[in-house]
Number of protein chains: 2
Amino acid sequence: MAKDFPKRKDNYSQWYNDLVIKADLAENSAVRGCMVIKPYGFAIWEKMQSVLDKMFKDTGHVNAYFPLFIPKSFFSREANHVEGFAKECAVVTHYRLKNNPSGEGIVVDDDAKLEEELIIRPTSETVIWDTYKNWIQSYRDLPLLINQWANVVRWEMRTRLFLRTAEFLWQEGHTAHATKDEAIDETMKILDIYADFAEKWMAMPVIKGVKSPNERFAGAVDTYCIEALMQDGKALQAGTSHFLGQNFAKAFEVKFLNKENKQDYVWASSWGVSTRLIGALIMAHSDDSGLVLPPKLAPIQVAVVPIYKKAEQLQTISDKINPVVKALQEKGISVKYDDRDTHKPGWKFSEYEFKGVPLRLAIGPRDLENNTIEVARRDTLEKEIVGIDGIVDHVIRLLDEIQNNLYSKSLSFRKENTFMVDNWEDFKAQIEKGGFILAHWDGTGETEQRIKEETKATIRTIPMDDDKAEGKCVFSGKPSERRVVFAKAY
Amino acid sequence: MAKDFPKRKDNYSQWYNDLVIKADLAENSAVRGCMVIKPYGFAIWEKMQSVLDKMFKDTGHVNAYFPLFIPKSFFSREANHVEGFAKECAVVTHYRLKNNPSGEGIVVDDDAKLEEELIIRPTSETVIWDTYKNWIQSYRDLPLLINQWANVVRWEMRTRLFLRTAEFLWQEGHTAHATKDEAIDETMKILDIYADFAEKWMAMPVIKGVKSPNERFAGAVDTYCIEALMQDGKALQAGTSHFLGQNFAKAFEVKFLNKENKQDYVWASSWGVSTRLIGALIMAHSDDSGLVLPPKLAPIQVAVVPIYKKAEQLQTISDKINPVVKALQEKGISVKYDDRDTHKPGWKFSEYEFKGVPLRLAIGPRDLENNTIEVARRDTLEKEIVGIDGIVDHVIRLLDEIQNNLYSKSLSFRKENTFMVDNWEDFKAQIEKGGFILAHWDGTGETEQRIKEETKATIRTIPMDDDKAEGKCVFSGKPSERRVVFAKAY
């Protein structure tokens with residue numbers, strides 16, 4: 001199936017793009033920058049959604065839905081927010097088309113111009129805080145712990161499937177709290193959920209940390225993030241959780257009566273992950289043979305291919321394998337028994353390999369004689385012949401093993417590609433090669449900006465988990481409290 | 001909680017609107033015609049989604065996602081489609097805002113005008129068939145059985161929460177087939193799924209039938225629908241399934257090589273239900289005491305309220321009731337144990353009654369002594385004291401009974417409000433009183449149109465299930481093959 005599939009080392013960017021398209025995950029649509037998420041790609045998103053949705057609900061969040069449109073004036077209310085988002089947004093100006101009076105086709109009806117333009121939401125803080133104003137009077141109405149699954153639009157000029165598209169799908173949580181501490185706790189709780197999801201489900205190690213002021217969400221007091229390292233040595237921001245302080249409450253006049261019977265502005269958080277995670281998932285594990293998916297998020301976890309010449313043989317094989325398929329399904333494993341007669345086994349093997357199905361079983365006449373089955377792992381590309389009797393337990397064990405192996409491999413890769421750098425020449429040399437660079441930074445936006453201009457590297461995050469240690473800024477030589485993570489990024 | 005809540009007979013429309021708002025289901029947003037679906041309302045939608053999604057998947061459908069935006073020119077391709085939808089759509093003309101050079105706020109940046117305007121999808125046939133063109137070469141690529149959960153926008157002038165909003169949520173299925181028969185079978189299969197969902201889950205009886213040409217979907221060969229009768233005697237179209245013939249395949253040049261090795265246009269169906277179903281659900285069962293929800297779609301199926309004066313009493317009650325709550329949850333029942341000390345039991349009783357929770361249990365000190373519990377049914381408003389020992393089975397039985405009772409009540413109501421009418425005077429008199437009218441129709445669009453002009457009644461559907469019987473058109477006196485269903489409609 002995937003002819004002329006490039007190797008990562010030859011052209012990583014082409015490899016990624018070809019993989020997304022040839023593995024039937026997504027494609028570009030007729031609308032600039034907007035993608036079509038194909039069924040196989042969407043099935044990954046559905047798995048991600050269902051896991052994350054449960055994590056949110058288990059921590060007390062509920063879902064709701066807010067309008068796609070945001071009145072233009074709402075954006076002007078929060079000064080940083082408008083700077084961050086107004087420059088790249090789709091604007092609705094009219095609400096009707098009409099037949100072209102001077103020819104074929106249809107044209108915009110100038111009589112149907114909106115009094116105030118509507119912006120397609122790039123994110124929903126403004127319209128949600130305008131709504132919360134009516135929902136919150138007293139501390140008894142708090143906290144509000146609300147999430148929304150939605151599409152958003154940011155008019156990006158350079159787009160890449162999943163990683164950066166004009167329209168994308170995401171979830172956005174918007175919470176309201178009576179105290180600052182509670183809002184910060186919420187921000188951190190979600191960051192932990194995101195990190196857990198990335199590591200335990202996506203098998204992708206991440207660094208948790210806080211963004212530098214330059215990289216902060218427009219309107220936030222602090223932006224926390226999880227950052228992952230891709231195989232080409234570039235960083236990918238996989239999720240963000242913002243402590244918004246009282247910024248949006250002030251912009252939308254959302255006050256409440258606190259326990260001390262005084263009026264105060266409400267404290268807020270917002271947080272989101274998007275279909276970009278699918279891009280991260282693809283890049284984290286896939287190889288020159290195609291997609292590699294962690295079992296916990298693979299739409300098909302096990303593919304079973306019968307090898308036969310005549311219809312009777314297929315019948316005998318099916319009789320033997322159907323109970324295994326059923327037993328696996330009863331264990332909650334997603335199995336595809338592919339007995340199509342339109343394709344040869346070899347074609348099917350390539351197909352499932354390229355599409356990243358974690359385990360492929362094959363069973364033919366000789367296996368029937370020997371009571372065996374062939375098991376092929378996608379992660380290592382190893383094959384083994386095993387007895388069919390214990391196959392259900394064996395499959396379950398292998399799926400676990402693959403999940404763990406993918407995580408370990410990614411973690412090793414990250415360790416091998418994380419560098420402590422202490423002088424500017426080494427920094428420039430290393431950033432060209434890629435990887436996470438742990439370096440001292442003087443804490444100023446100017447230095448950060450100049451480093452970016454010279455090397456295209458940005459501060460990905462100021463990590464939370466490691467110990468502080470003083471040093472000197474790799475660029476300016478000024479004192480620094482701790483190392484931060486630099487990288488080029490998606 | 002719901003002060004001044006109107007009665008249905010006094011002002012049905014006000015009753016509906018107040019119910020939606022006071023039961024925390026939805027509210028109007030700052031954007032004209034767009035609603036905010038609040039968590040309690042959205043939880044109903046999530047239940048609907050999960051049931052329908054499983055029904056679609058069990059019948060071989062998969063989900064995908066297509067762009068929000070549709071290039072304007074796509075609409076001109078299918079002549080009827082553009083007539084049906086271009087007149088009421090949100091048009092994106094620009095992709096950037098800028099600071100107002102002559103004052104405060106932000107304005108549209110005229111330098112960022114799109115070459116071709118983009119329409120926010122009112123439905124996605126055009127953009128999907130433009131995509132299918134690249135997916136279909138041969139009969140081996142067929143059928144495509146794809147569904148999408150999405151938001152759509154139709155610029156309605158008069159909007160009502162859930163029933164008719166500018167933006168709404170829905171699913172839209174778009175299937176492609178090698179033969180006409182297969183596409184028709186698919187259309188009917190989905191109609192059956194919709195009817196099953198309405199009757200078995202929403203407890204709302206529906207009539208299955210086909211639309212008259214005047215009421216057909218813009219671009220369809222035939223539109224099939226399910227129609228329900230609301231308590232005010234008006235009809236509500238609850239779902240539609242369209243046989244599209246080869247119309248969109250021709251408009252977007254989607255041909256395939258058939259089994260006879262000849263090029264042919266692809267056959268199609270499309271079908272959808274929307275958040276309008278929540279409006280139907282509300283109107284089908286609710287009463288002057290508030291919302292009534294069928295157990296199978298109620299976000300909270302059982303509310304448990306402890307009655308206590310002191311903290312020790314609450315502890316004793318909790319010890320007694322917690323195993324019951326747990327046992328119910330293990331049976332998959334959604335239970336809320338409401339031990340909040342911020343509200344009195346009486347307040348909680350009103351709250352759960354108004355919000356349509358099917359069963360409410362209450363347990364106080366006297367119950368502890370007697371080993372009993374109070375059970376209140378929302379559908380009949382009956383209360384009974386029962387022994388606590390068999391309560392889990394009793395609750396399960398009652399939830400079933402309530403589900404069935406709501407369906408029976410709705411079915412009786414429909415029967416009582418369905419009238420065979422054979423002359424024009426009776427028709428006009430009856431249509432004023434409401435209900436489904438079964439009357440003969442001569443089959444012409446002119447007659448249909450004149451009946452609509454004189455009475456506001458439309459042909460809701462030409463029913464599929466009942467026997468044909470000839471007669472004379474109630475309006476024109478011309479021969480008629482069968483009775484059709486007339487009503488005023490939402």
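So, β22(B) and β23(B): 3 bridges join them, and they run parallel. By strands and helices I mean DSSP runs, numbered from the N terminus, with E for strands of at least two residues and H or I for helices of at least four. In that pair, B:T418 stands opposite B:F436 in β23(B). Before I go on, this is a predicted model, where local features need pLDDT of at least 70, side-chain atom pairs count only at pLDDT 80 or more, and totals for chains, interfaces and linings use all residues. Residues are numbered from 1 along each chain as its sequence is written, with chains lettered from A and ligands numbered from 1 in the order in which they are written.

Okay, the sheet itself. In chain B, 11 strands make an open sheet with mixed pairing, in the order β3-β9-β10-β16-β13-β12-β11-β24-β27-β23-β22. Two strands pair when DSSP finds at least two bridges between them. β3 (62-63) and β22 of chain B are the edge strands, each pairing on one side only.

Now the helix on that sheet. α13(B) packs on the sheet and touches β22, β23 and β27 of chain B, and its direction makes about 160° with that of β23(B). That angle is between N-to-C directions, runs from 0 to 180 degrees, and uses axes fitted as lines to C-alpha atoms, for helices over the stretch in contact.

Which residues of α13 (residues 424-433) in chain B are buried? They are B:F427, B:Q430 and B:I431. Buried means 20 or more other C-beta atoms within 10 Å of the residue's own, exposed means 12 or fewer, and partly exposed is in between, with C-beta atoms placed from the backbone. Looking down the axis of α13(B), the buried residues fall within an arc of 100°, so they line one face of the helix. That arc is taken from the directions from the helix axis to the C-beta atoms. On the other side of α13(B) you have B:E425, B:A429, B:E432 and B:K433, which are exposed. The buried ones pack against β22 (418-420), β23 (436-440), α14 and β27 (483-487) of chain B. After α13(B) comes B:G434, with a positive phi near 100°.

Speaking of α14, residues 445-455 of chain B, that's where B:E453 sits. B:E453 counts as exposed because it has 8 C-beta neighbours inside 10 Å.

Quick look at chain A. There, 3 bridges join β24 (residues 458-463) to β27 (residues 483-487), and those two run antiparallel. A:I459 has A:F486 in β27(A) as its bridge partner.

Last bit: how do the chains meet? 52 residues of chain B are in contact with 52 residues of chain A, where contact means C-beta atoms, placed from the backbone, within 7 Å. Strand β5 (residues 91-94) of chain B gives the largest share of its side, 4 residues. β5 of chain A is joined to β5(B) by 3 bridges, running antiparallel, and A:V92 stands opposite B:V92.

A rotation of 180° with 0.0 Å of shift along its axis puts chain B on chain A, RMSD 0.0 Å. That's the relation of a two-fold axis. In chain B, the C-alpha nearest the axis belongs to B:V92, 2.1 Å away. The superposition is by least squares on C-alpha atoms of residues with pLDDT of at least 70 in both copies. And 100% of chain B's interface residues are also interface residues in chain A, so the copies meet through the same surface.

How values were computed: Contact = placed C-beta atoms within 7 Å.
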